[in-house]
Structure formats: structure tokens, C-alpha cells
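My plan is to look things up one at a time and jot down what I find.

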Amino acid sequence: MAEPLFRTLEIVIPALAKANGPHPTFEGLENIPERGGAVLTLNHTSYLDWYPASIAALRRHRRLRFMIKAEMTEVPVINYVIKHIKLIPVDRSAGAGAYDVAVQRLREGELVGLHPEATISRSFELREFKTGAARMAHAAGVPIIPVIVWGIQRVWTKDHPKQLWRNHVPVLVKIGRPIDVSDDIVAATAELRDTMAAMLEQAQLEYPHPAGAYWVPRRLGGSAPTMAEALAMREAELAERDRKRLEQGNGGRLRRALAGLSRH
């Protein structure tokens, strides 16, 4: 397999992680197929969930192609990486193109990674799932591999400073058995979420949680927002984003109007 940039990253990033952290421990690696397509679904607690999942795939001599929000292509360095390691940009306002690309990659025998929750969970509990994972797995005729990553939120998550260097944080990665998707996409999505919820609970039971820590769910004695609080924060975040976009649009129209007046 060529892809020189991907190969370089496969060498450099694990070496950096070995020296600085995080340090993942894997359970269920055998559930990632050594060949053939599959959708790997991850819970979303961090900006770095992709790392332990990608290392898990690498341990099985595979490469994981993540779906990533299209806004990241606006950053030149990241866009270069996206193009050269064949990530799949997703425009949330028009996701059909990314869906078609993902299905084609799966049919070609690739592993595609995504977050059914679509956005980071500030409560560190599972949010509601979108149906995209089940739909693309069904369309491509491949299984879903549920994956839980726990502990990586200590390194970099929303609303808190990142700790990328000398963190030596232990990360637990649980990889579940393949799930075949039926014609009932809603039922398949519900089954997937139930499976991942049970896996997440088991991972949390096995991981030490200091009382009051910001990265620990409230029900486990931490200070993370409750699910209701996290939902309210998300709604406020989206409202602020819409306000800024409206302001930018109005500002652009005003500038164009003033420019038109200056020509007369």
C-alpha cells in the first residue's frame, strides 16, 4: 500500500504518543476484520478519538478513513492531510456526496470511521445517534464495528485546555463484535446505540474516576455537565453560530451596497 504520507504518520504519531502519551489499551482487536469493508462507529468525547481507533486498525494491518467535517478543509495544512490520506469531508448542509463516497469506499473494502453522535458529547455520555452509519453499512453490504474510546477526553475536549504533551494518560479502547445491519435502519441504529451504551458503561467501570474531575460524568461523581445541561449548551452554541453567520451575511450585503453607492 503506497500512500507515503499515511505511512509517515503511522510511524511518527505512535512514536510521539509513546514518548508523551496518551497510552491506549485495546480489547477486542480481533473484531476488526483484516480484510473487507466495515463501518467503525466511535463515541465522541474528544477531538482525538480518531487516534486510538486508527492505532487499533493499524494493529490489524488496516487503515481507517474517517469522515470529517468539511470546515476542516479550509485549513490548508489539514486539507493537505485530508486529501493525501483519503479522509472523507462531510458538508453537514449537504451530506449526500460524502455518503456516496463512503459507501463506495466500503464496497472497495475500506474501513470507514465515523461518530454516530455527530458532535462531541460534553456530558461524556452517549448522545442520540444519527442513522447514517446503519444506512451506509446496509447500502454497502458491510458490518458495523462498535468502538468505545474512554479516557482520551482528558487530553483534549470541548471547553477545556488541551494537554497534548507529557500527559501519559491511559486510554481504554473496547472494540465490539460486528453487527450486521437489517433493512430496518431505525432498529439497527437503536441496536447499535444500546450495544455501545453497554460497552461504555463497562469501560467506565474499569477506569478510575477522581471525584469532581471535569472529564468524569456527573453520575460517576465528576463535574461534567449533565446530559440536559450539555444539550442546553449545545443549543446556545448553535444559536451563537447562526447569529454570527447572519451578521457576516448582513455585513457582506452592507459592504456591497456601500461599494455600489461609491461608484455612483
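This is a predicted model: local features need pLDDT of at least 70, side-chain atom pairs count only at pLDDT 80 or more; totals for chains, interfaces and linings use all residues.

**Entry 1: the overall layout**

Into which domains is the protein divided? I looked up the bounds and got domain 1 (4–225) and domain 2 (226–263). I then checked the C-alpha centres of domain 1 and domain 2, and they lie 30 Å apart. The two parts do touch: twelve residues of domain 1 are in contact with seven residues of domain 2.

**Entry 2: helix α6**

I went to α6 next, which covers residues 185–206.

Which residues of α6 are buried? My list reads I185, A188, T189, L192, M196, M199, L200, A203 and Q204. Looking down the helix axis, I see these buried residues fall within an arc of 135°, so they line one face of α6. On the other side I found V186, D194 and L205, which are exposed.

What do the buried residues of α6 pack against? I noted β2 (38–42), α5 (132–140), β6 (144–150) and β7 (170–175).

I also looked at how α6 begins. D184 caps its N-terminal end, with a side-chain oxygen 3.4 Å from the backbone nitrogen of V186.

**Entry 3: the nonpolar core**

The largest nonpolar core has 66 residues. Which of them touch the most other members? I wrote down V39, L40, M67, M136, I144 and I175. The largest share of this core comes from α6, which gives seven residues.

Skipping neighbours within four places in sequence, I found I175 in contact with E27, G28, L29, N31, I32, A56, I145, P146, V147 and M199. M199 is one of the buried residues of α6, and A56 turns up among the buried residues of helix α2.

Is P14 buried, partly exposed or exposed? Its relative accessible area is 24%, so I put it down as partly exposed. Not counting residues up to four places away in sequence, P14 touches L9, Y51 and I55. Both Y51 and I55 are buried in helix α2 (residues 50–59), along with P52, A53, A56 and A57. I also checked P14 against L200: they are 186 residues apart along the chain, and their C-alpha atoms are separated by 24 Å.

Beyond four places in sequence, I found E10 in contact with L58 and R63.

A reminder first: most residues other than glycine have a negative phi, and most peptide bonds are trans. So I went looking for exceptions to that.

Where is there a cis peptide bond? I found one joining G21 and P22, with omega about -5°. P22 lies in the loop between α1 and β1 (23–27).

Then came the positive phi values. H61, which follows α2, has a phi near 60°. A118 is not a glycine, yet its phi is about 75°. I located A118 in the loop between β5 (111–114) and α5, and it is partly exposed at 32% relative accessible area. R166 is not a glycine either, and its phi is about 55°. R166 sits in the loop between β6 and β7, where it is exposed, with a relative accessible area of 61%.

**Entry 4: K158**

K158 is found in the loop between β6 and β7 too. Is K158 buried or exposed? Its relative accessible area is 12%, so I marked K158 as buried. Which side chain does it meet in a polar contact of 3.1 Å? That is E237, and residue 237 falls within domain 2 (226–263). Leaving out neighbours within four places in sequence, I listed the contacts of K158 as Y47, T119, I120, R122, R234 and E237.

How values were computed:
Residues are numbered from 1 along each chain as its sequence is written. Side-chain values use heavy atoms; hydrogens and water are left out. Helices (H or I, at least four residues) and strands (E, at least two) are DSSP runs, numbered from the N terminus. The expected span of a helix is 1.5 Å times one less than its number of residues. Buried means under 20% relative accessible area, exposed over 50%, partly exposed in between (1.4 Å probe, protein chains only). The arc is that of the directions from the helix axis to the C-beta atoms. Contact means heavy atoms within 4.5 Å. A polar contact is a pair of N or O atoms within 3.5 Å; within protein, one must be able to donate a hydrogen and the other to accept it, and residues adjacent in sequence count only if both atoms are side-chain atoms. A nonpolar core is a set of buried Ala, Val, Leu, Ile, Met, Phe, Trp, Tyr and Cys residues joined through side-chain atoms within 4.5 Å. Domain bounds come from an automatic or database domain assignment.
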